Amino acid sequence: MLTYSLKRLAQLFVTVLGVVTLVFFTMRMIPGDPISAMAGDNLSGAALDQMRGQMGLNDPLLIQYLKYLGHLAVLDFGNTVTTKLPIVGLILGALPVTVSIALGTILLTVLISIPLGTLAAYMAHKGHRMLDNIITGVAMVLDLMPSFWTSLVCLLIFSLTLGWFPASGTVSIDDPGQLLRRVALPVLVLSMAQVATLARITRTSVLEVLSEDYVRTARSMGWSELRVLFRHALKNAALPIVTVIGLSFGNLLNGTVIVEFIFTLPGIGNLLVGGMNSRDYQMVQTLIVFYAMIFVLINFTTDLIYRVFDPRVQF
Amino acid sequence: MAHLSIPLPARRSIHFDVSGFNGLIRLLTNRRVQLALLILGPILFLTIFRPYLPLPGPLETNLRAMTKPPSFEHLFGTDRMGRDLLSRTLAGVQISMFVGFAVALLSLTVGLVMGTLAGFFGGVIDRVMMTITDIFLAFPSLLLAIGLVSVMGTGMLPVVLAISLSDVPRFIRLQRSLVLTLRSRAYIDAARTVKASQLWLMSRHIVPNTIAPLLVAASIAAANAILVEAGLSFLGLGIMPPAPSLGNLIRDGQTYLEQAWWISTLPGTVILLIAISLHFLSDGIRQVLDPRSRK
């Protein structure tokens, strides 16, 4: 187990280093540098040169790269090019919003899709194809709805027509009630997309388990159907479900960017889009690396959880 | 948004030949393929023949018909500059289709070549290739596309390249795994005993047997690419106005959601229909290819 974890950790390190390197050099391929983009035509050549010197942009590329790695190692992401604010501060300020959207989505998704998937599997097992087909069909349509479109439709129905949720307004963690109201719709939208995948996996893995001997044994012992379904079948089908929750995190991160943009929520997704629009490459670069690191770490953790909890997995 | 899930190859499906007339008949009699064509057919027909239909051009403004709801005159209504939204939507579908097709073709081709080399030769090539794909797969797909677009700029070509670059690693992985299972088959050994060259083995015995699962993956990749392009354009990072893309049509309508619901919702419905039909298509192809699912 330990050797395996260390091996995976080394692999993780190589991947993260690769990500950082790739992002650094790709960003340096942009024609023109951030200084001239920022200054426009207002500054003379000498002034530009001085600014470049201050930011270390006159150093050889390799030195710049090593310096960048050094700063990253101590979690110093530098300042934004446009506003000169430390990026770490901006990210930390925006993180609570994104995290509450992500956690809310995972919670809602699990609450909806696991019972739904289990029900579909049970119905399929009993030969009632009808309900199974309906659940699977609805799940597919939900899966394919582009989240920006779903967001607008939900905004139109729940905010503008029914007035249940505010469409705009300030958000801060100091006011949990307001945060909840503002985050409710984005969470609903993202869950709709996630429910499909999770319900499908739940259905498949529960269906597989339902024909196992120990389920028959449990039935023959006279346990109620509900108990057999949730205590015996679902518990044994849980591992692939947990894995899929972990793996669908990439989609979730994609989704948060879109919903934060539409619902004007000040999360890290909005920082990214804002950075793109103001051509703040330092910001974009940092955020892309940040997203990739979160994604890689979650995949790593999922993999370890899988191996810790499944005694059948060999090392 | 849907994510690209490459189907694992069914173990026995690989040796199944769908080329030729028989394959076509089986494909056309498949219920899912029929359903897909039923939705996709009319959309494609209207898109292709848009210039000949009695519709105003997609960029033609009409100041006497601004922000009109759907009517017989303008089936999808008009936007705030009086442009006909059906015409704009169809022009957007044309772009979407092009992006979907280009991305599928590009990532399939690159994935096919690199995946075959990695799987067939193994060793250092394989390890290097897998490390590189690992790095690319570390980015959530839309975010990778955003990053690449920030480097390459907006427009059609950067969008196609950005989406392809996030799909290529998945195709390499798929092709590699297909080649690995085929490489150890008895018929490959048999071919080796009669001194078949490496090139012959690859091009005649291995690659043809991987085409079918790759096509299934490609049709999903196309659907995915259409959704990602729409997402990028929606964020203002893809195809730029005034060129109508389904994504920037939806973005356009966002500001007027309360006054003019049709500007955003109708093009969105069209995207959804296209994505659903492409998924039905890939499902159908898979069913036809997989002998186990045939009744």
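Trainee: What do the buried residues of helix 12 of chain A pack against?

Mentor: Start with the terms. A residue is buried if 20 or more other C-beta atoms, placed from the backbone, lie within 10 Å of its own. Helices are DSSP runs (H or I, at least four residues), numbered from the N terminus. Here the buried residues of helix 12 of chain A pack against helix 5 (87-126), helix 11 and helix 13 of chain A, and also against helix 5 (141-152) of chain B. This is a predicted model: local features need pLDDT of at least 70, side-chain atom pairs count only at pLDDT 80 or more, and totals for chains, interfaces and linings use all residues. Residues are numbered from 1 along each chain as its sequence is written, with chains lettered from A and ligands numbered from 1 in the order in which they are written.

Trainee: How many residues of helix 12 of chain A are buried?

Mentor: Seven of its 10 residues, so helix 12 of chain A is mostly covered. Among them are Ile268(A), Leu271(A), Leu272(A) and Met276(A). After helix 12 of chain A comes Arg279(A), with a positive phi near 55°.

Trainee: How do helix 11 and helix 12 of chain A cross?

Mentor: For helix 11 and helix 12 of chain A, the axes come within 7 Å and cross at roughly 80°. The two helices are therefore roughly perpendicular (65 to 115 degrees). Thr256(A), Val257(A), Glu260(A) and Phe261(A) of helix 11 meet Gly269(A), Asn270(A), Leu272(A) and Val273(A) of helix 12.

Trainee: How many residues of each chain make the contact between chains A and B?

Mentor: Two residues are in contact if their C-beta atoms, placed from the backbone, lie within 7 Å. Chain A gives 43 residues and chain B gives 36. On chain A, helices 1, 6, 7, 11, 12 and 13 each supply at least two residues of the side that touches chain B.

Trainee: At what angle do helix 1 of chain A and helix 4 of chain B pack?

Mentor: About 70°, with their axes 9 Å apart. So these helices, too, are roughly perpendicular to each other. Val14(A), Thr15(A), Gly18(A), Val19(A) and Leu22(A) face Thr131(B), Asp134(B) and Ile135(B) in this contact.

Technical notes. Axes fitted to C-alpha atoms, helices over the stretch in contact; angles between N-to-C directions. Parallel < 35°, antiparallel > 145°, perpendicular 65-115°, else oblique. Buried ≥ 20, exposed ≤ 12 C-beta atoms within 10 Å, placed from the backbone.
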